[in-house]
Amino acid sequence: MSQKPAIFIARKVFPEVVAHLGHHFQVDMNESDEVLPPAELIARLQGKQGALTTGSERVDAALLAACPQLKIAANIAVGFNNFDVPAMTAAGVLATNTPDVLTETTADFGFALVMATARRVTESEHFLRAGQWNKWSLDMFAGAEVHGSTLGILGMGRIGQAIARRGAHGFGMKVIYHNRSRLDAALEAECKASYVDKATLLAQADHLILVLPYSASSHHAIGAAEIAQMKPTATLINIARGGIVDDAALAVALRERRIAAAGLDVFEGEPKVHPDLLTVPNVVLTPHIASATIPTRKAMAMLAADNVIAYLTQGRPVTPLNAEIIGAGARA
Ligand code: GLV
């Protein structure tokens, strides 16, 4: 009997996902769950036809050249800015991500940050834990309204739409959005969302939430100039990717109260966080957990596994990013 092909799981995943992959492959996994330095990742990928990666592992031309047997990298994330997709396509290596399975969970968390930021949940908890609460006052931790306010969404893919539905239908918010392309009329009506240009979005949103992918063109899409166009009472929420917001400029704006508050799940250069963000009180900080429920994280890892299985056994991945390589363009 011929040996099963070998694959590598770059971070620790759930046992049932490993068992699922084990039916088809010899599975090697980074049990330490530490992010492997590039040279170590390359070493572990030798002889492997497939890899399950997370946003922490970079798959670029250098890695592809050093791992000639690699045919697929399956990201356990919907975002894939850790992949150099053109380089993968040029090398005939398939890239996949995990859309859909995390949409509702991530939208829930986006709303959690809107609520926590507007209503000063963590700031007031820190005050209480510090033993500073000795009386009730009318204006103590008075925040911003969520219901009935204007929700601005920058980036209107599946997650943006799911946030719009929550805002419009659940909280009676007026929803405005800006995106590279406008939604069709039926989808706009279903989300109760109106398309506006970016300047109008910045000027009118009471709560501005970022849900766009990171790329060179979205780098610092929100910097000092954009923040200056926002209402002084507004909040800014980033659940998309670090680098979309200029974190240093945001920290200055928060300290000077040019906007009221921010809620951040993602950071430039994470897991490092800009030190100035750690010292301003009016920011809610979470460690990139928007999709983190056990069922959703399992579904993401299982979809990545299914992509590797479907591609390496039948040539038909579930959620490819560069399907054009399948066939003649793919590594043999
Ligand atoms: C998480 O950030 C993801 O892209 O899935």
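Student: In which sense do strand β4 (residues 72-75) and β5 pair, and over how many bridges?
Tutor: They pair in the parallel sense, over three bridges. Two strands count as paired if DSSP finds at least two bridges between them; strands (E, at least two residues) and helices (H or I, at least four) are DSSP runs, numbered from the N terminus. This is a predicted model: local features need pLDDT of at least 70, side-chain atom pairs count only at pLDDT 80 or more, and totals for chains, interfaces and linings use all residues. Residues are numbered from 1 along each chain as its sequence is written, and side-chain values use heavy atoms, leaving out hydrogens and water.

Student: Which residue stands opposite leucine 94 in β5?
Tutor: Isoleucine 72 takes that position.

Student: And what is the strand order in the sheet?
Tutor: The open sheet has five strands in the order β2-β1-β3-β4-β5, with parallel pairing. β2 (26-29) and β5 (94-96) are at the edges with a single partner strand each, so one side of each has no neighbour in the sheet. On average, neighbouring strands are turned by 15° against each other, direction ignored.

Student: Which strands does helix α12 lie across?
Tutor: Helix α12 (residues 294-314) lies across β1, β3, β4 and β5, and runs at about 160° to β4. Contact here means heavy atoms within 4.5 Å. Axes are lines fitted to C-alpha atoms, for helices over the stretch in contact, with angles from 0 to 180 degrees between N-to-C directions.

Student: What about α1?
Tutor: Helix α1 (residues 15-22) lies across β1 (6-9), β2 and β3 (50-53), at about 145° to β2.

Student: Changing topic: how many salt bridges are there?
Tutor: The count is 14, where a salt bridge is a side-chain nitrogen of Lys or Arg within 4 Å of a carboxyl oxygen of Asp or Glu. Aspartate 33 forms one with arginine 11, the closest N and O atoms being 3.1 Å apart. Aspartate 33 is in the loop between β2 and α2 (38-44) and arginine 11 in the loop between β1 and α1, so the pair ties together parts 22 residues apart in sequence.

Student: Is arginine 11 buried or exposed?
Tutor: Arginine 11 is buried, at 16% relative accessible area, whereas aspartate 33 is partly exposed at 31%. Buried means under 20%, exposed over 50%, and partly exposed in between (1.4 Å probe, protein chains only).

Student: Which residues are linked in a network of salt bridges?
Tutor: Arg11, Asp33 and Glu57 are linked in this way.
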